[in-house]
Amino acid sequence: MESESRMDLVIGAIITAIVGVALLTTALIPISVDMITNNLNTTALQKWNTLLYAVITMTVVGVMVGVIKWFTNSKR
């Protein structure tokens with residue numbers, strides 16, 4: 001019985017990670033890039049381009065770290 005609950009925990013963590021990354025890549029990133037490119041002119045966009053990609057990358061990494069931390073801190 002205990003092994004089934006651990007297997008459920010692993011499956012739940014994997015599904016959470018997949019859904020989180022899928023939502024980020026299909027919703028957050030395209031919408032935020034579109035909003036920023038529509039509201040900034042070309043010179044400002046070139047200036048903030050590196051920061052934009054850094055924020056998007058850190059958001060994806062944050063989701064992954066959160067899932068991993070939740071998984072490793074759960075009761076064993």
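Predicted model: local features only at pLDDT ≥ 70, side-chain atom pairs only at ≥ 80, totals over all residues.

The answer below begins with the overall form and then turns to one surface patch and to residues elsewhere.

Reader: Which residues make the nonpolar surface patch of about 720 Å²?

Author: The protein has two helices and zero strands. Helix H1 covers residues 2-39, and helix H2 covers residues 42-73. Along the principal axes, the C-alpha trace spans about 60 × 20 × 10 Å. The radius of gyration is 17 Å, whereas a compact globule of 76 residues would have a value near 11 Å. Of the 76 residues, 13% are buried. The protein exposes about 5,900 Å², and 70% of that area is supplied by carbon and sulfur atoms.

The patch itself is nonpolar and has an area of about 720 Å². Its members are Met7, Val10, Ile11, Ile14, Ile15, Ile18, Val19 and Leu23. Ile15 lies in helix H1 and has a relative accessible area of 48%.

The C-alpha atoms of Val19 and Lys47 are 32 Å apart in space, and the two residues are separated by 28 positions in sequence. Lys47 is found in helix H2. With a relative accessible area of 62%, Lys47 is exposed, since the cut-off for that class is over 50%.

Helix H2 also contains Val61. Val61 has a relative accessible area of 40% and is therefore partly exposed. Between the C-alpha atoms of Val61 and Asn38 there are 26 Å, with the two residues 23 positions apart along the chain.

Finally, the charges may be considered. The protein carries 5 positive and 4 negative charges, and the mean positions of these two groups lie 15 Å apart.

Key
Residues numbered from 1 in each chain as written. Heavy atoms only, no water. Patch = residues over 30% accessible without salt bridge, like charges linked within 9 Å, V, L, I, M, F, W, Y side chains within 5 Å. Areas by Shrake-Rupley, 256 points an atom, 1.4 Å probe, with all protein chains shown as cover. Salt bridge = Lys/Arg side-chain N within 4 Å of Asp/Glu carboxyl O. Helix = DSSP H or I, 4+ residues; strand = E, 2+ residues; numbered from the N terminus. Buried < 20%, exposed > 50% of the residue type's maximum accessible area, 1.4 Å probe, protein only. Rg over C-alpha atoms; globule rule 2.2 N^0.38 Å. Lys, Arg positive; Asp, Glu negative; His and termini not counted. Charge placed at Lys NZ, Arg CZ, Asp CG, Glu CD.
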